[in-house]
Amino acid sequence: MDHLATKKKELDKLDARLRDMRASLEKSQNNKLRLENEYNETERKLSRAQQIISGLGDEKERYFQQAGLQARLLQNILGDALLSASYFAYLAPFSQTYRTKLLNSWRQSIEAKLPISKNYELQAVLGEDVKIEEWKVQGLPADSFSIENALVMEHTNRWPMVIDPQQQITAWLKERYASNNLQVLRPSQEGYIKSIAVAVRTGCPVLLEGCDTDLDPVLNSLLLKQVSKDASGELRITISDQDVVYHKNWLEDAPPSKRAKLFLATKHPRPNFKPEIAGKVT
């Protein structure tokens, strides 16, 4: 019996040792699985890091190219700004060919006294790539002439007169300002002046299509922005016989996303505007 008890104790010790070894094995297996997961995760991070580093290498080159371009633009900013101002003041009514001819002539005169970009382009000075791409998506033709015209309309203080025989620009304007509740009107439309007054009061942009070489004199106050303040400090304008509140969206410092404008459009390919009309619009 003593011998059997001794053997039983030895067996109990062996069972306890086996349990310990199994627990140790399970712990080691768990550690092995954890380490494998960490290894795989590290491999994935390393792969992503290598992709980022490779991408940043290309981005570094683009950054230095862009930095060089900005440095040249800054160096030439006075001449470029003067030529851009001249573009806005004088070139909008002309064809692409005549614009290019005058720009080249002016650039030669300016560069004798001021630094100016050798290959000056209005789009490079005032354009924003993201915004221009958005305009193209909205239907603006991709040629440089249309983009320059859009930039003029975007930045000019006078209301633009769009010479648009093919109605491409007017189609783009309708799409671009659709979310701003663009009011599309015609001079032949009954009560169109009242509709313009409502748009001015509510801050909605207006597209007046089908304009002739003569404009209704009633529009003069709006074309000339003859705005005044009343006793309470509110801005007002007289359109025809109506005293209308001049909504803040019509002001030049209104947020670009809300800015309201009057767009005049004609399908005449070569309209002959009188000087007094040409001086009121761009």
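**Note on aromatic pairs, cores and the sheet**

1. K225 sits over the face of W159, 4.2 Å from the ring centre. This is a predicted model, and the remarks below should be read with that in mind. W159 is also part of a ring cluster, linked by ring pairs with Y246 and W250.

2. Setting aside residues within four places in sequence, W250 is in contact with W159, A199, V200, G203, C204, P205, V206, L222, R259, A260, K261 and L262. W250 is also listed, with I196, V200, L222, L223, L262 and L264, among the residues that touch the most other members of the largest nonpolar core. That core has 28 residues.

3. Which elements build this core? Two or more residues come from each of α8 (192-202), β3 (206-208), α9 (220-223), β5 (235-239) and β7. Helix α8 gives the most, with 6 residues. A second core is separate and holds 27 residues, including L83, L103, I116 and A150. As a general point, nonpolar side chains in soluble globular proteins tend to be buried together.

4. K261 deserves a look. This lysine is found in the loop between β6 and β7. Is K261 buried or exposed? K261 counts as buried, because its relative accessibility is 3% and the cut-off for buried is under 20%. Not counting residues up to four places away in sequence, K261 touches M153, E154, H155, T156, W159, P205, V206 and W250. K261 and V184 are 77 residues apart in sequence, yet 12 Å apart in space, C-alpha to C-alpha.

5. The whole structure contains 6 aromatic pairs. One of them joins Y90 and W106 edge-to-face, at 6.2 Å centre to centre and with 70° between the planes. Y90 lies in helix α2 (residues 77-91) and W106 in helix α3 (residues 96-110), so this pair ties together parts that are 16 residues apart in sequence. Y90 is exposed, at 53% relative accessible area. W106 is partly exposed, at 23%.

6. Y177 and F263 form another aromatic pair, this one tilted: 5.2 Å centre to centre, 50° between the planes. Y177 lies in the loop between α7 (168-176) and β2 (183-185), and F263 in strand β7 (residues 262-266), so the pair ties together parts that are 86 residues apart in sequence. Both residues are buried: Y177 has a relative accessible area of 6%, and F263 has 1%.

7. Now the sheet. It is open, with 3 strands in the order β4-β5-β6 and antiparallel pairing. The edge strands are β4 (227-229) and β6 (242-245), each pairing on one side only. From one strand to the next, the twist averages 40°. In general, strands of a sheet pair through backbone hydrogen bonds, either parallel or antiparallel.

8. Two details complete the sheet. How many bridges join β4 to β5? There are 3, and the two strands run antiparallel. K229 stands opposite L235 in β5.

Key:
Residues are numbered from 1 along each chain as its sequence is written. This is a predicted model: local features need pLDDT of at least 70, side-chain atom pairs count only at pLDDT 80 or more; totals for chains, interfaces and linings use all residues. Side-chain values use heavy atoms; hydrogens and water are left out. Rings of Phe, Tyr and Trp (its six-membered ring) pair if their centres lie within 6.5 Å; planes under 30 degrees apart count as stacked, over 60 as edge-to-face and the rest as tilted. Helices (H or I, at least four residues) and strands (E, at least two) are DSSP runs, numbered from the N terminus. Buried means under 20% relative accessible area, exposed over 50%, partly exposed in between (1.4 Å probe, protein chains only). A charge sits over a ring if NZ of Lys or CZ of Arg is within 6 Å of the ring centre and within 35 degrees of the ring normal. A nonpolar core is a set of buried Ala, Val, Leu, Ile, Met, Phe, Trp, Tyr and Cys residues joined through side-chain atoms within 4.5 Å. Contact means heavy atoms within 4.5 Å. Two strands pair if DSSP finds at least two bridges between them. Axes are lines fitted to C-alpha atoms, for helices over the stretch in contact, and angles run from 0 to 180 degrees between N-to-C directions.
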